[in-house]
Amino acid sequence: MSAQITIGHESSGKPVEFDIEELLATRLLVQGNSGSGKSHLLRRLLEESAGMVQQVVIDPEGDFPSLAEEFGHVVIDGSAYSPGEIEALARRIREHRASVVLDLDGLEVEQQIRCAAQFLTALFDAPREHWYPALVVVDEAQMFAPAAAGEMAEDTRRMTLTAMTNLMCRGRKRGLAGIVATQRLAKLAKNVAAEASNFLMGRTFLDIDMVRAADLLGMERRQAERIRELERGHFLALGPAITRLPLACKIGPVKTGNTVRSEGLMALPDTAPEDMADLLTRDLAADVAKAPPPPAPPPAPRMEEMEDSIAHAEERQVEAPAEALDTSHVASRIAEIIAELASEEGIAFQSASAQYQTFLTRCRRERLIGPMPDMHAFRRRFAVAGAGLEALGEEMQARIMQLASAVDEDLLGPFLVIAKAAHAGETQVDENELARAYGTSSPGRIRRLLDHLERQGLIVVREDFGGGRTVMVPGLEGVSVTT
């Protein structure tokens with residue numbers, strides 16, 4: 001079965017295809033002002049991929065329950081269940097690979113945020129044996145990952161930011177591919193937006209959003225005006241799952257959706273003004289006195305019924321076959337960029353997040369499309385490159401990295417410098433190199449570093465009466481260094 005779907009067409013009529021397997025590894029960010037066609041785009045993506053992969057939709061506006069009739073999604077009314085039941089449903093969804101829509105339309109805004117956060121956290125914390133691939137679509141993502149605190153309670157904000165950050169930053173290894181849609185990039189938390197590698201940018205008017213969208217698409221600032229001129233349903237696309245160069249795409253038609261609501265103009269009634277006034281005011285007091293009570297909400301399905309529905313949804317899921325992608329050139333260039341960064345003067349004194357952002361910027365500047373190392377992988381590879389470990393044989397590299405497996409990320413660089421010197425049989429560690437690897441120029445911090453590594457059992461320090469220190473690395477017996 002092909003993993004390609006057609007999301008829309010270029011102006012020339014050429015179809016624009018979406019690689020769902022690549023999307024599972026790289027995530028997607030959609031931006032566009034209200035009325036630009038974001039929900040239509042998400043619906044098209046969901047409809048076209050419904051038979052390929054499990055889908056989980058976080059729907060704050062009640063736009064997507066219509067997927068159930070055509071494609072068999074299970075609709076979960078968030079207002080009908082307790083927090084504990086929402087978490088239990090999320091675990092069963094992962095276990096049975098059910099495609100679901102979490103409808104939050106019946107909740108107040110802060111309740112929507114807390115419900116979605118608990119649901120996403122339970123999806124993320126599912127047992128390892130249930131880490132099946134799934135698309136997780138979050139509409140109106142600026143609500144669930146706000147850049148500023150706003151009016152919500154601080155504990156709610158921390159809860160939802162943690163859930164969204166886990167989805168976008170760490171969800172890939174758990175099979176969760178985040179797809180977030182927002183009206184404004186400026187309102188979306190940067191650490192959530194930065195993890196997406198695929199972008200679909202719709203019409204937006206504010207300069208700050210146009211500039212950020214142009215930067216993500218690799219466009220020059222003067223080309224940002226193009227984003228303001230996009231028509232409804234037209235998006236600029238870029239990313240490894242779509243295209244290597246930015247292109248304009250008109251999103252194709254959909255099968256489901258609200259067909260009753262009219263988006264255009266309708267003729268007004270031709271009732272005379274005095275008749276209209278009479279219709280509005282006649283027996284108004286009687287209407288107020290006899291106002292019927294609001295209808296009772298429909299009873300929530302029992303947990304047993306919902307479990308049975310989710311279990312049967314597994315039969316509709318078809319797993320797409322994996323196809324090997326040739327990313328050797330991209331991987332080689334990424335390794336070169338990390339090595340170049342590690343050799344630059346002053347880069348080691350920057351924070352880890354600043355180093356990672358510099359790395360991502362250079363990759364985007366060179367239009368490298370392919371799997372990117374996450375923050376954790378980048379920091380380890382940066383430390384290896386900074387210590388010059390590539391010059392050693394593969395067997396010795398593996399031995400040193402095995403010893404370094406228990407070392408904290410911020411201490412990995414200096415430990416590798418010490419281990420490499422120990423392996424080379426050097427009598428003295430270059431203190432400048434050690435300080436550079438640790439990102440400091442303070443001799444006191446170097447002494448505290450050695451003390452900490454010794455307390456962790458990673459090195460053994462012997463100090464003579466003259467103040468000289470001999471450092472040994474357990475596991476590299478027979479070799480020691482002097483500082």
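Phenylalanine 382 is a buried residue, with a relative accessible area of 11% (buried means under 20% relative accessible area, with a 1.4 Å probe and protein chains only). Welcome to this predicted model, in which local features need pLDDT of at least 70, side-chain atom pairs count only at pLDDT 80 or more, and totals for chains, interfaces and linings use all residues. Residues are numbered from 1 along each chain as its sequence is written, and side-chain values use heavy atoms, with hydrogens and water left out.

**Aromatic rings**

- The structure holds four aromatic pairs, where rings of Phe, Tyr and Trp (its six-membered ring) pair if their centres lie within 6.5 Å.
- Tyrosine 356 and phenylalanine 378 form a tilted pair, because their ring centres are 5.4 Å apart and their planes meet at 55° (planes under 30 degrees apart count as stacked, over 60 as edge-to-face and the rest as tilted).
- This pair ties together parts that are 22 residues apart in sequence, because tyrosine 356 lies in helix α15 and phenylalanine 378 in helix α16 (helices are DSSP runs of H or I with at least four residues, strands are E runs of at least two, and both are numbered from the N terminus).
- Tyrosine 356 is buried at 6% relative accessible area, and phenylalanine 378 is buried at 0%.
- Phenylalanine 378 also makes a tilted pair with phenylalanine 382, with centres 5.7 Å apart and planes at 35°.
- About one helical turn separates phenylalanine 378 from phenylalanine 382, because they are four residues apart in helix α16.
- Ring pairs join Tyr356, Phe359, Phe378 and Phe382 into a cluster.

**Charges over rings**

- The charged end of arginine 97 sits over the ring of tyrosine 132, 5.2 Å from its centre (the test is NZ of Lys or CZ of Arg within 6 Å of the ring centre and within 35 degrees of the ring normal).
- Arginine 174 has its charged end over the ring of phenylalanine 124, 4.0 Å from the ring's centre.

**The largest pocket**

- The largest pocket has a volume of about 1000 Å³.
- On a 1 Å grid over the protein atoms alone, a pocket is an open set of points where a 1.4 Å probe fits, with protein on both sides within 12 Å along at least five of seven lines; lining residues have an atom within 4 Å of a point.
- Of its 41 lining residues, the closest to the centre are Ala194, Glu195, Ala196, Leu360 and Arg364.
- Helix α15 gives the largest share of the lining, five residues.

Conventions:
Points joined across faces, edges and corners; volume = space filled by probe spheres on them. Buried < 20%, exposed > 50% of the residue type's maximum accessible area, 1.4 Å probe, protein only.
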